[in-house]
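Look at the sequence and the model together.

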Amino acid sequence: MKRNKELGYVFLVAIIALAGCSGSGQTTTGGGGGNQQPASLTLTLTSKPDVTLTNISVLSATVSITGITLNPTSGNAVPLTLSPTTYPVDLTRLQADTALLGVLSLPAATYSSATVTFSAPALTLDNQSGATLNGTCLTGTICKIVLPAGSSQVTAAPFPLTLTAGQSSGISLNLNLNDALTVTSGTVALNFGAADAFNVATLPRIGTPSGALDLIEDFVGLVTAKTSTSITVMASNGISLSIGLPSTVVIQDPQGLCAALNATCLVANQTVVSVVATVNSAGALTLVSADLLSATPQDELEGTLINTATPGQFNLVVANKVVASGNTTLTAANPGDIFLVTLSNPTFAVDLGEFFNNASLPPANVTTLFAGEGDLTDGQDVMAHVTAATGTAATGNQAVTADAVLLRFTRTTGTVQTVSGQTFTLSNLPPFMSFTTNPLVDTITGATNFDGVADVNSLAVGQTVSIRALLVPRSSFTFYAAKVRVQP
């Protein structure tokens with residue numbers, strides 16, 4: 001499916017929020033070991049985007065994991081039970097986010113590798129290369145291509161991995177698109193079996209909150225159940241998180257949807273939220289904060305914005321969706337789909353998320369500088385309130401009308417050029433994000449989470465860094481970062 005870039009597109013991403021995070025905490029038990037106490041291994045997933053493509057931007061990269069097994073040096077392989085069994089991930093969001101795949105209970109042994117199998121990946125590309133890609137993706141267009149399924153044998157350190165009886169530990173797999181994705185003679189290919197297709201990190205990584213193995217961030221979904229001790233959040237792609245509630249629940253509400261600012265704001269089958277949660281050594285989730293996106297479900301699309309030449313219209317590459325009306329176009333929409341958004345007397349707002357009530361963030365620099373159509377910029381992540389939707393992916397004419405635009409958090413990757421105080425500059429950003437000078441990234445005291453590095457002053461020039469940040473180009477800083485991850 002392709003569409004000329006002048007027509008615009010909406011990227012409807014089936015609320016992978018995250019990108020995709022499975023928080024069911026399911027445990028798979030391997031055979032063998034007799035009466036010996038098993039070991040416990042928590043698995044999470046991140047990604048490293050391709051940062052070397054010339055004039056080609058990967059706007060969405062979605063794939064489903066169909067199987068994971070841990071392979072001992074002797075004996076039977078131990079499979080992880082995924083929930084859902086075909087587990088969807090959006091690799092463009094996982095450059096700054098993390099997916100919780102699950103927990104393995106397995107015999108004490110030495111494991112030489114992990115085997116990961118994948119469904120056919122779908123890439124949404126902005127092709128400005130001057131050539132047609134894969135025979136269908138014309139230059140000057142945004143298009144979606146589907147590539148063959150594959151598998152990978154993960155052998156990078158810390159493999160071989162020795163687990164002892166009763167040990168609780170964790171590893172994070174990093175799918176390295178920088179090595180797995182290639183473009184040769186006009187053909188885009190994704191080779192999961194390529195050398196260094198996966199990096200592996202022992203959990204916790206530097207910067208993870210004390211006492212946690214990992215951190216799940218910006219998982220968007222509907223609260224489907226609530227008790228005094230937990231909530232369940234369901235994303236539109238079928239991934240469900242069961243999250244324990246702390247004694248004091250932190251509610252972020254920049255839109256003023258709930259005056260109470262406590263757990264009563266989380267109403268089953270009513271509240272749409274973005275959650276941040278820690279993962280412990282048993283794979284259990286505990287809520288860090290809940291960002292209120294809607295007090296009642298309504299038709300919404302979230303994704304990456306690309307402007308068109310027509311005022312009042314932009315393209316959206318979908319990452320998340322909420323469907324309340326049963327509209328057939330929205331119901332059928334998938335991550336990576338391209339929508340044309342036409343605005344109709346729109347309102348504009350900023351979802352401050354983790355920055356809510358943070359004194360280090362100057363609100364006027366953010367909220368007042370995203371107030372109209374002139375503030376829409378290529379690469380922004382926005383959530384659009386949909387009033388009408390038509391078309392299909394098959395015919396390439398998916399379109400919506402929207403009367404509200406909410407600025408959310410962009411994921412992108414670049415190279416650190418300078419570091420000064422609480423800020424740093426980035427170069428080598430994706431080609432579709434054009435800046436006249438290297439953009440300045442601000443980190444917020446008490447809010448920005450660091451991954452792989454302790455703090456902003458530990459960053460080094462030349463490092464590849466992924467951020468999740470508000471993109472406000474007319475502000476003092478181009479990006480306000482909620483997450484900074486140093487890529488391997």
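Strand 9 and strand 13 (residues 161-163) are paired antiparallel, with three bridges; two strands count as a pair if DSSP finds at least two bridges between them. Strands here are DSSP runs of E with at least two residues, numbered from the N terminus. In this pairing, tyrosine 111 has leucine 161 of strand 13 as its bridge partner. Strand 9 also runs antiparallel to strand 12 (residues 150-154), and five bridges join them. Here valine 116 is bridged to serine 152 of strand 12. A further antiparallel pairing, over seven bridges, links strand 9 (residues 109-118) with strand 5 (residues 56-72). There the bridge partner of isoleucine 65 is phenylalanine 118 in strand 9.

This is a predicted model, in which local features need pLDDT of at least 70 and side-chain atom pairs count only at pLDDT 80 or more, while totals for chains, interfaces and linings use all residues. Residues are numbered from 1 along each chain as its sequence is written, and side-chain values use heavy atoms, with hydrogens and water left out.

Glutamine 36 sits in the loop between strand 3 (27-29) and strand 4 (39-48). Proline 107 is 71 residues away along the chain, yet its C-alpha atom and that of glutamine 36 are separated by 7.7 Å. Apart from neighbours within four places in sequence, glutamine 36 is in contact (heavy atoms within 4.5 Å) with Ala108 and Ala165.

A cavity is a set of points, on a 1 Å grid over the protein atoms alone, where a 1.4 Å probe fits but cannot get out; its lining residues have an atom within 4 Å of a point. Grid points are joined across faces, edges and corners, and a volume is the space filled by probe spheres set on the points. The model has two cavities of 30 Å³ or more.

The largest cavity has a volume of about 60 Å³. Its lining includes Thr98, Arg205 and Lys483. Strand 32 gives the largest share of this lining, three residues.

The second largest cavity holds about 50 Å³. Among its lining residues are Asp218, Gln252 and Arg468.

Methods. On a 1 Å grid over the protein atoms alone, a cavity is a set of points where a 1.4 Å probe fits but cannot get out, and a pocket is an open set with protein on both sides within 12 Å along at least five of seven lines; lining residues have an atom within 4 Å of a point. Helices (H or I, at least four residues) and strands (E, at least two) are DSSP runs, numbered from the N terminus.
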